[in-house]
Amino acid sequence: MSKLQPGDAAPDFTLTDADDHEVSLESFRGRRVILYFYPAAMTPGCTKQACDFRDNLGALTEQGFVVLGVSKDKPAKLRQFRERDALAFPLLSDTGLDVHKAYGAYGEKTNYGKTVMGVIRSTFVIDPDGKIEKALYNVKATGHVARLTKELGIS
(Lines give C-alpha, C1' and ligand atoms only; values in the text may rest on other atoms or scores of the structure.)
Protein backbone atom coordinates (compact mmCIF):
# COMPACT_ATOMS: atom_id res chain seq x y z
CA MET A 1 0.00 0.00 0.00
CA SER A 2 1.57 3.27 -1.08
CA LYS A 3 1.18 6.37 1.02
CA LEU A 4 -0.05 9.64 -0.41
CA GLN A 5 2.26 12.64 -0.52
CA PRO A 6 1.60 16.39 -0.65
CA GLY A 7 0.77 17.33 -4.24
CA ASP A 8 -0.87 13.99 -5.07
CA ALA A 9 -4.46 14.04 -6.29
CA ALA A 10 -6.80 13.06 -3.45
CA PRO A 11 -8.58 9.85 -4.46
CA ASP A 12 -12.22 10.68 -5.11
CA PHE A 13 -14.93 8.68 -3.39
CA THR A 14 -18.61 8.45 -2.64
CA LEU A 15 -19.51 6.95 0.74
CA THR A 16 -22.66 6.62 2.81
CA ASP A 17 -22.99 8.85 5.87
CA ALA A 18 -24.67 8.16 9.22
CA ASP A 19 -28.07 9.02 7.71
CA ASP A 20 -27.64 6.70 4.70
CA HIS A 21 -27.01 9.64 2.32
CA GLU A 22 -24.23 9.52 -0.24
CA VAL A 23 -21.38 11.98 0.25
CA SER A 24 -18.75 12.55 -2.45
CA LEU A 25 -15.40 14.22 -2.00
CA GLU A 26 -16.03 15.94 -5.35
CA SER A 27 -18.91 17.90 -3.77
CA PHE A 28 -16.39 19.75 -1.55
CA ARG A 29 -14.20 20.94 -4.46
CA GLY A 30 -13.32 24.58 -3.91
CA ARG A 31 -13.05 24.08 -0.13
CA ARG A 32 -10.31 22.74 2.11
CA VAL A 33 -11.15 19.35 3.58
CA ILE A 34 -9.78 17.57 6.64
CA LEU A 35 -10.39 13.88 5.99
CA TYR A 36 -9.55 11.61 8.89
CA PHE A 37 -9.64 7.84 9.18
CA TYR A 38 -10.20 6.19 12.55
CA PRO A 39 -10.40 2.50 13.55
CA ALA A 40 -13.80 2.19 15.25
CA ALA A 41 -16.66 4.40 16.43
CA MET A 42 -17.29 4.65 20.16
CA THR A 43 -13.90 3.30 21.25
CA PRO A 44 -11.96 5.46 23.73
CA GLY A 45 -9.27 6.78 21.36
CA CYS A 46 -11.65 7.38 18.48
CA THR A 47 -14.10 9.13 20.78
CA LYS A 48 -11.32 11.39 22.09
CA GLN A 49 -10.24 12.27 18.55
CA ALA A 50 -13.80 12.88 17.30
CA CYS A 51 -14.61 15.07 20.31
CA ASP A 52 -11.42 17.07 19.73
CA PHE A 53 -12.54 17.71 16.14
CA ARG A 54 -16.02 18.59 17.47
CA ASP A 55 -14.57 21.03 20.00
CA ASN A 56 -12.43 22.74 17.33
CA LEU A 57 -15.03 22.65 14.57
CA GLY A 58 -15.97 26.33 14.95
CA ALA A 59 -12.39 27.51 14.45
CA LEU A 60 -11.86 25.08 11.57
CA THR A 61 -15.09 26.14 9.86
CA GLU A 62 -14.20 29.84 10.28
CA GLN A 63 -10.99 29.10 8.36
CA GLY A 64 -12.98 27.41 5.58
CA PHE A 65 -12.33 23.78 6.47
CA VAL A 66 -14.80 20.91 6.18
CA VAL A 67 -14.17 17.92 8.48
CA LEU A 68 -15.06 14.39 7.36
CA GLY A 69 -14.50 11.29 9.50
CA VAL A 70 -14.23 7.84 7.88
CA SER A 71 -14.36 4.41 9.50
CA LYS A 72 -15.32 0.87 8.58
CA ASP A 73 -18.41 1.10 10.79
CA LYS A 74 -21.91 0.75 9.35
CA PRO A 75 -24.13 3.86 9.17
CA ALA A 76 -26.28 2.77 12.15
CA LYS A 77 -23.23 2.70 14.43
CA LEU A 78 -22.04 6.03 13.06
CA ARG A 79 -25.48 7.48 13.86
CA GLN A 80 -25.17 6.25 17.47
CA PHE A 81 -21.66 7.71 17.71
CA ARG A 82 -22.77 11.08 16.30
CA GLU A 83 -25.77 11.30 18.64
CA ARG A 84 -23.97 10.08 21.74
CA ASP A 85 -21.13 12.59 21.35
CA ALA A 86 -22.95 15.46 19.56
CA LEU A 87 -20.68 15.26 16.52
CA ALA A 88 -21.67 17.94 14.02
CA PHE A 89 -19.62 16.84 11.03
CA PRO A 90 -20.21 13.96 8.59
CA LEU A 91 -19.15 10.46 9.59
CA LEU A 92 -18.73 8.23 6.55
CA SER A 93 -18.97 4.45 6.28
CA ASP A 94 -16.33 2.53 4.30
CA THR A 95 -17.22 -1.06 5.23
CA GLY A 96 -15.34 -2.47 2.24
CA LEU A 97 -12.20 -0.47 3.15
CA ASP A 98 -11.74 0.64 -0.47
CA VAL A 99 -11.31 4.31 0.43
CA HIS A 100 -9.06 3.44 3.38
CA LYS A 101 -6.82 1.50 0.98
CA ALA A 102 -6.86 4.26 -1.66
CA TYR A 103 -5.50 6.67 0.98
CA GLY A 104 -3.03 4.18 2.47
CA ALA A 105 -5.01 4.19 5.73
CA TYR A 106 -5.33 0.40 5.89
CA GLY A 107 -2.44 -2.03 5.99
CA GLU A 108 0.25 -3.47 8.19
CA LYS A 109 0.70 -1.83 11.54
CA THR A 110 2.15 -2.70 14.90
CA ASN A 111 -0.34 -3.30 17.69
CA TYR A 112 1.03 -4.24 21.13
CA GLY A 113 4.26 -5.45 19.53
CA LYS A 114 2.57 -7.61 16.89
CA THR A 115 2.33 -6.84 13.19
CA VAL A 116 -1.31 -6.94 12.14
CA MET A 117 -3.49 -5.71 9.27
CA GLY A 118 -5.79 -2.89 10.28
CA VAL A 119 -6.87 0.72 10.03
CA ILE A 120 -3.97 3.16 10.28
CA ARG A 121 -5.19 6.28 12.07
CA SER A 122 -4.50 8.94 9.43
CA THR A 123 -5.45 12.50 8.56
CA PHE A 124 -5.33 14.29 5.23
CA VAL A 125 -5.70 17.95 4.44
CA ILE A 126 -7.03 18.37 0.91
CA ASP A 127 -6.75 21.71 -0.86
CA PRO A 128 -9.58 23.37 -2.85
CA ASP A 129 -8.26 21.83 -6.09
CA GLY A 130 -8.45 18.29 -4.73
CA LYS A 131 -4.73 17.87 -4.05
CA ILE A 132 -3.20 16.46 -0.87
CA GLU A 133 -1.81 19.32 1.21
CA LYS A 134 -0.86 17.19 4.23
CA ALA A 135 -0.74 13.42 4.67
CA LEU A 136 -0.32 12.35 8.28
CA TYR A 137 -0.10 8.62 9.05
CA ASN A 138 -0.02 6.78 12.39
CA VAL A 139 -1.30 9.81 14.27
CA LYS A 140 -2.11 9.60 17.96
CA ALA A 141 -5.73 10.09 19.00
CA THR A 142 -4.83 12.34 21.91
CA GLY A 143 -3.37 15.70 20.98
CA HIS A 144 -3.64 15.18 17.23
CA VAL A 145 -6.24 17.90 16.59
CA ALA A 146 -4.26 20.43 18.65
CA ARG A 147 -1.13 19.62 16.66
CA LEU A 148 -3.02 19.83 13.37
CA THR A 149 -4.65 23.17 14.13
CA LYS A 150 -1.26 24.55 15.19
CA GLU A 151 0.32 23.35 11.91
CA LEU A 152 -2.54 24.93 9.97
CA GLY A 153 -2.17 28.24 11.84
CA ILE A 154 -5.56 28.00 13.54
CA SER A 155 -5.92 28.89 17.21
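This is a predicted model: local features need pLDDT of at least 70, side-chain atom pairs count only at pLDDT 80 or more; totals for chains, interfaces and linings use all residues.
1. Sheet order. The model contains an open sheet of seven strands with mixed pairing, and the strand order is S2-S1-S5-S4-S3-S8-S9. Strand S2 (22-24) and strand S9 (132-137) are the edge strands, each pairing on one side only. From one strand to the next the twist averages 30°.

2. Strand S8 (residues 122-126) pairs with S9 in the antiparallel sense, over five bridges. Ser-122 has Tyr-137 in S9 as its bridge partner, and Ile-126 has Ile-132 in S9. Five residues lie between S8 and S9 in this hairpin. In the turn, Gly-130 has a positive phi of about 85°. As background, the strands of a sheet pair through backbone hydrogen bonds, either parallel or antiparallel.

3. Helices on the sheet. Helix H2 (residues 75-85) lies across strand S1 (14-17), strand S4 (65-71) and strand S5 (91-93). The direction of H2 is at about 165° to S5. Helix H4 (residues 144-151) also packs on the sheet, where it touches strand S3 (32-37), S8 and S9. The direction of H4 makes about 150° with that of S9.

4. The H1/H2 pair. Helix H1 (residues 44-62) packs against H2 with the axes 11 Å apart and at an angle of about 60°. Angles of 65 to 115 degrees would count as roughly perpendicular and those under 35 as roughly parallel, so H1 and H2 are oblique to each other. Their crossing is right-handed.

5. Residues in the H1/H2 contact. From H1, the residues are Cys-46, Thr-47, Ala-50, Cys-51 and Arg-54. These meet Phe-81, Arg-84 and Asp-85 of H2. Sorted by class, the contact has four nonpolar, one polar and three charged residues.

6. Aromatic pairs. Ten aromatic pairs are found in a search of the whole structure. One of them is formed by Phe-37 and Tyr-103, with 5.5 Å centre to centre and 40° between the planes. This pair is classed as tilted. It links distant parts of the chain, the two residues being 66 residues apart. Phe-37 is in strand S3, while Tyr-103 is in the loop between helix H3 (98-102) and strand S6 (106-111).

How values were computed: Residues are numbered from 1 along each chain as its sequence is written. Side-chain values use heavy atoms; hydrogens and water are left out. Two strands pair if DSSP finds at least two bridges between them. Helices (H or I, at least four residues) and strands (E, at least two) are DSSP runs, numbered from the N terminus. Axes are lines fitted to C-alpha atoms, for helices over the stretch in contact, and angles run from 0 to 180 degrees between N-to-C directions. Contact means heavy atoms within 4.5 Å. Angles under 35 degrees count as roughly parallel, over 145 as roughly antiparallel, 65 to 115 as roughly perpendicular and the rest as oblique. A crossing is left-handed if the near helix is turned anticlockwise from the far one by less than a right angle, and right-handed if clockwise. Ala, Val, Leu, Ile, Met, Phe, Trp, Tyr, Cys and Pro count as nonpolar, Asp, Glu, Lys and Arg as charged, and the others, Gly among them, as polar. Rings of Phe, Tyr and Trp (its six-membered ring) pair if their centres lie within 6.5 Å; planes under 30 degrees apart count as stacked, over 60 as edge-to-face and the rest as tilted.
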